[in-house]
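Biologist: I have a structure open and would like to learn how to read it. Could you take me through it step by step?

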Amino acid sequence: MNQDQKKISLTNRSKVVSNKKMTLMERFYLPAIFKGMSITASHFFKREVTIQYPEVKRPFSDIYRGLHVLKLDDEGRERCTACGLCALACPAESITMIAAERKEDERNLYREEKYASMYEINMLRCIFCGDCESACPKEAIFLTNRTVPSEYERADFIYGKDVLVEKKDSRIDVSKRQTPEVLAFKQDKSKSHNN
Amino acid sequence: MFKVTIDNKSIEVEPGTTILQAARMIGGDVVPPAMCYHSELKDSGGKCRTCMVKVAQGSVADPRPMPKLVASCRTEVMDGMVVQNITSPEVVDARKAVVEFLLLNHPLDCPVCDQAGECDLQNLSYEHGTNTSRFEEEKRTYEKIDIGNLIQFHPNRCILCYRCVYAANQLTDNRVHGILYRGEKSEISTFIHQAIENDFSGNMIDVCPVGALTDKTFRFKNRVWFLKPMDAHRECTKCSGKATLWYRGEEVYRVTGRKDKYGEVHDFICNECRFEKKNSSDWVIEGPRKIESYSVINQNHYKNVVIPSVINPIKETME
């Protein structure tokens with residue numbers, strides 16, 4: 001039986017339990033207790049591995065994939081045209097939107113003649129894969145190095161445009177997400193899809 | 001019967017068949033793309049030049065090759081003709097140039113355009129074009145025009161294929177639009193913004209290969225790839241009543257004719273069916289419309305699910 005067990009062992013670390021009598025030292029217990037306590041005590045003098053969240057926060061990578069942002073362009077107009085490619089690319093089907101036509105007096109609000117009147121991301125469904133960011137032809141949606149806070153209600157995790165669209169006075173920098181290759185591609189007029 | 005060989009595949013066809021029709025009889029990769037040719041519209045074709053092919057051997061009687069590339073939609077086959085389509089680098093190169101020319105003034109506003117996802121020009125440029133443009137000048141722009149309250153016309157996107165003009169000429173008794181001006185300045189227009197009002201005007205939307213003529217009642221309502229196409233028919237006194245309903249959930253977003261794999265409608269429908277009957281109860285549903293597998297409309301739709309019998313192997317014996 002012992003040999004059979006060795007045959008199927010994957011790690012070679014399995015031990016056969018024995019019922020041998022303990023020695024005097026082992027029966028004395030105190031040496032084992034001191035040995036354990038010394039390990040515990042040694043940790044008082046080692047570097048802490050935990051941090052005091054939320055007073056202290058760990059640094060995030062600049063290209064961390066967290067909470068989404070809907071970017072405004074340089075003139076403060078919404079870039080999103082509700083083309084639906086992010087929703088199509090989304091593997092978790094967490095994005096929904098309703099498109100509307102821009103009116104003549106809304107030219108300073110929306111960049112193109114079509115815009116998203118409703119844009120929602122269900123953060124409970126979202127897996128933060130970044131496919132929406134890759135799919136976006138208008139550079140409107142980006143993931144950022146912010147996190148989604150916890151909530152009490154499920155409905156609170158459905159983020160609308162009021163949360164997702166960046167504020168005009170507090171812009172969110174996504175330039176680190178754009179590598180030199182990406183920027184060179186965008187500056188090349190021949191590859192521009194925005195007329 | 002004439003024997004014609006296209007890309008090393010032979011077929012026998014009736015005299016009077018064009019190269020494009022013969023290629024479609026063979027099917028597969030040898031079919032040249034076509035933007036302006038529409039099999040149901042007489043005299044269509046010969047405008048866009050995307051279907052150009054090389055005739056390597058004119059006929060048995062005169063085996064010399066034709067001196068230039070020919071438009072396959074307008075060239076009739078001869079007995080013993082040998083045609084090269086994708087096997088000729090010259091044709092592939094010329095087609096790339098044609099796509100570049102078609103896209104010179106095209107706004108590339110696909111994220112806004114309602115035709116995106118079922119657009120012939122989009123398919124053409126993905127398949128045969130390059131992903132760069134050498135055009136540095138300002139694009140020619142026009143304002144969009146409402147042709148009546150059902151159809152909207154975007155001249156920027158128009159590639160001047162004339163299909164809508166032929167459709168109006170051949171399907172209705174009174175054409176009120178056409179091509180104005182000449183050459184680079186030519187544009188589709190009604191004379192002094194007249195509304196196009198007849199029972200079959202909606203077919204202009206279906207025959208338009210790009211997003212120039214779009215359904216105003218569907219404008220920005222939804223993207224085609226979120227909709228589920230279903231074949232349906234109804235009793236109609238004016239037309240065949242055979243249509244495709246585009247559903248999202250229980251709601252019918254739009255009604256179109258049934259486009260085949262070349263983007264051509266064979267049963268034209270009237271405006272009553274297209275614009276006024278948008279309830280499921282008006283129609284007899286036949287089943288889901290089969291869409292070509294490469295189309296974005298098929299994205300995220302599960303099809304041909306075969307339930308394996310091993311899920312419940314004893315089910316049959318139980319019954």
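This is a predicted model: local features need pLDDT of at least 70, side-chain atom pairs count only at pLDDT 80 or more; totals for chains, interfaces and linings use all residues.

Biologist: Let me start with the domains: how many residues of domain 2 of chain B are in contact with domain 3 of chain B?

Modeller: In chain B, 16 residues of domain 2 are in contact with 18 residues of domain 3. The assignment puts domain 1 at 2-95, domain 2 at 103-220 and domain 3 at 222-319. Between domain 2 and domain 3 of chain B, the C-alpha centres are 26 Å apart.

Biologist: Which element gives the most to the domain 2 side of that contact with domain 3 in chain B?

Modeller: That is H5(B), with three residues. By type, the domain 2 side that touches domain 3 in chain B holds six nonpolar, five polar and five charged residues.

Biologist: And how should I read the contact between the chains?

Modeller: Interface size is often expressed as the accessible area lost when the parts come together. Here we can count residues instead: chain B places 15 residues in contact with 17 residues of chain A. On the chain B side, seven are nonpolar, three polar and five charged.

Biologist: Which residues of helix H4 of chain B are buried, and what covers them?

Modeller: Helix H4 of chain B spans residues 163-171, and its buried residues are Arg163(B), Cys164(B), Tyr166(B), Ala167(B), Ala168(B) and Leu171(B). Their cover includes strands S8 (177-180), S9 (187-190) and S10 (213-215) of chain B, together with helix H5 (203-207).

Biologist: What does Ile159(B) touch, beyond its neighbours within four places in sequence?

Modeller: Ile159(B) is in contact with Met35(B), Cys48(B), Leu102(B), Leu121(B) and Val210(B) once those neighbours are left aside.

Biologist: Finally, how many helices and strands does chain A have?

Modeller: Chain A has seven helices and five strands, in the order α-α-α-β-α-β-β-α-β-β-α-α along the sequence. Of its 195 residues, 17% count as buried. Among contacts in chain A between residues at least 6 apart in sequence, 73% join residues at least 24 apart.

Note on methods:
Residues are numbered from 1 along each chain as its sequence is written. Chains are lettered from A and ligands numbered from 1 in the order in which they are written. A residue is buried if 20 or more other C-beta atoms lie within 10 Å of its own, exposed if 12 or fewer, and partly exposed in between; C-beta atoms are placed from the backbone. Helices (H or I, at least four residues) and strands (E, at least two) are DSSP runs, numbered from the N terminus. Two residues are in contact if their C-beta atoms, placed from the backbone, lie within 7 Å. Ala, Val, Leu, Ile, Met, Phe, Trp, Tyr, Cys and Pro count as nonpolar, Asp, Glu, Lys and Arg as charged, and the others, Gly among them, as polar. Domain bounds come from an automatic or database domain assignment.
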